[in-house]
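Work through the exercises below with the structure open. Each task is followed by a solution in steps.

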Amino acid sequence: MADKERGFAGRARSMTASSDESGSSSATARNDEASGSGSGPKPTVTVNIHNPAVTYGGLNPEIEENIDIIKPVPAHDLRRDATDRWRTLGSDLDEDPNVKGKQRCTSAASRVLSPDNSCTNGRSDASPLIDLPTELIDAILSWLLPLELAAVSRVCRVLHDHANSDTQWKWHVLSNLPGNRITSPYPCKSWRELYISHDPHWFLTKYKLWFCDRELTGHMIIVRYDERRGCIEGYHLLATRQNEGSEPWVANSDVHIHHFDPVPKLHLDKPILQLNADSLENMIRTRPSSSPFGHFFSEQPMHISTDPRFSNFLLAKPLLHQIVVGRMANEFPHGYVWPPPAIPARHRVSGQPAGVHPLATSVNYTRSTSQMWQPRNRSEVSDQTFRIRQWMEMGPPTLGLNLAEEVVTYSTLDPILYTPTAEKPWRGIWVGDYSGHGCEFLLIHQPEDHDEENEEPLTRFESETEAEFQERFLHQRVYRGRLEGIKLTGDANVPRGEYSFVADDLSDDAFVGISQDPPFEGVRVVHSKGHIAHMGFYNDKYIESQLFLISHDRLAQYWVSFGHISYFQRVDIDQFLVPK
């Protein structure tokens, strides 16, 4: 599209298609205009649920058949495989057979230590460590991971007292509760007992944000710790619109702006995850004396009173890199790998097919793949993923008749992906307006480019004013690189884990202009690509769109062929971490 001819929101007069914004279920309707005359049989078209509160400047995007009319834009650069460096965070040495054992580095939740790994070296004489002042011993032990601390406590009485002190264990508990500074180990007697009662599940509250592979829509939960009950709990994150409606844009009456004022909240009436604390005495008394995994249990029952189904929490085992590459080379659903390729991740696991899939109810499928996804010890546990298994039980427990079993896989995001910086200010968790689909959550991702890794900080020249420096900083360090809107929750057209829109370049190379008309006065506009598809994510394609960089907390996406503009807004997830 020529910028001069169409302006910042060119006139949308072409046929439109069903997109991210269309409704979530379908019906059939007659389109009188499509027939071309008032006589003769009229064609039947598929129409998604209509949102009467909004209008469109172009033809209705809720008409499913228009998908084949929309002209696509090239998308070869969006079809990246699992080996892309943007999609893999760090290197997991446990996956590399060429790395020596002593060099392997795993998470605190997956470290396995024994007394042989402690600070003793087999000599009968006392370690000089215990001759140090008490403060120095505590300072040294504060660098140890929880399992290392437990191993040190078995060396001698002196180190046992230091390693089991509440000073050490309180820090380990609080380090896994970002934004929630609890003051008591209730209902446990000590901070060490509290840590043990939720071990190895503290990674749930540490990473706090989790999204799942359920069907096409998925959902997102916030996991937090409730000091009042001593439990780890996870609730569904939702968003509702305060105001609905649309209005023509002053600059172009053929373009309609959809109102969007979202209110994110937790669905507190029905927890998705709940792990209750128990006393150390009860844990020892009730734990079986023998099990296939020794003292390690990868599956734990959850007692959720508001759900009639049985629920179990399952730890997950990450897939080896070569398996991930092979399976994610396939098109959607990418070999049921979760999270999918568009989302950068350190660990990926084997997801379960949706409930409509025959494999989901196959006993042979579960048995044949259990070795791939079920950890057998701490060293195999992923702190980036987990699963929840739910089912209905018919008849007495001895009958063992389970119905409607469902396994949902969850993954988290590395905080670096959604933590904004001065040079990547749009990084974060956002909520977007998808018309009939409602509100959906996204990761706004600004990946690091190769050339940015070793850059020197930008400094102000002596002859430069502060305003001039800020302007230069914007153009050299902020308005550059790629911006991706990746769905964490999805809909029937474009599902979770897929791109919603992508701006390949925020620099002047993709610059459309500066808007001069309300409500976008002074807003920078760049070219982007919008993702659309038939229901069921069939025949997906990218179409022409434009991205309005309103502020670091608000964006707008103009869908050229649809003749409408929809908003996206940043979500502060930390507001949900402390129960009220």
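**Exercise 1.** State how many aromatic pairs the structure holds, and classify the pair of Trp249 and Phe548.

Solution. This is a predicted model. The structure holds 19 aromatic pairs. For Trp249 and Phe548, the ring centres are 6.1 Å apart and the planes stand at 80°. Two rings pair if their centres lie within 6.5 Å, and planes over 60 degrees apart count as edge-to-face. The pair of Trp249 and Phe548 is therefore edge-to-face.

**Exercise 2.** Decide whether Trp249 and Phe548 are buried or exposed.

Solution. Buried means under 20% relative accessible area. Trp249 has 3%, so Trp249 is buried. Phe548 has 0%, so Phe548 is buried.

**Exercise 3.** Classify the ring pair of Phe332 and Phe537, and find where each residue lies.

Solution. The ring centres of Phe332 and Phe537 are 5.0 Å apart with planes at 80°, so this pair is edge-to-face. Phe332 sits in the loop between α10 (321-328) and β12 (337-338), and Phe537 in the loop between β21 (524-534) and β22; the pair therefore ties together parts that are 205 residues apart in sequence.

Accessibility comes next. Phe332 has 27% relative accessibility and counts as partly exposed, whereas Phe537, at 9%, counts as buried.

**Exercise 4.** Which residues do ring pairs link into a cluster? Which residue lies over the face of Trp391, and which over the face of Tyr567?

Solution. The cluster consists of Phe203, Trp210, Phe313, Phe386 and Tyr410. Over the face of Trp391 lies Arg389, at 4.4 Å from the ring centre. Over the face of Tyr567 lies Arg554, at 4.1 Å from the ring centre.

**Exercise 5.** Give the number of cavities of 30 Å³ or more, then describe the largest cavity and its lining.

Solution. Rolling a probe the size of a water molecule over the atoms shows where empty space is left. The count is 3 cavities of 30 Å³ or more. The largest cavity has a volume of about 50 Å³. Its lining is made up of Leu177, Pro178, Asn180, Thr205, Lys208, Val223, Arg224, Tyr225 and Leu577. Sorted by type, the lining of the largest cavity has 5 nonpolar, 2 polar and 2 charged residues. Strand β4 (residues 220-226) supplies the largest share of this lining, 3 residues.

Methods
Residues numbered from 1 in each chain as written. Predicted model: local features only at pLDDT ≥ 70, side-chain atom pairs only at ≥ 80, totals over all residues. Heavy atoms only, no water. 1 Å grid on protein atoms, 1.4 Å probe; cavity = no way out; pocket = protein on both sides within 12 Å on 5 of 7 lines; lining within 4 Å. Points joined across faces, edges and corners; volume = space filled by probe spheres on them. Helix = DSSP H or I, 4+ residues; strand = E, 2+ residues; numbered from the N terminus. Nonpolar A, V, L, I, M, F, W, Y, C, P; charged D, E, K, R; others polar. Phe/Tyr/Trp six-rings, centres within 6.5 Å; stacked < 30°, edge-to-face > 60°. Buried < 20%, exposed > 50% of the residue type's maximum accessible area, 1.4 Å probe, protein only. Lys NZ or Arg CZ within 6 Å of the ring centre and 35° of its normal.
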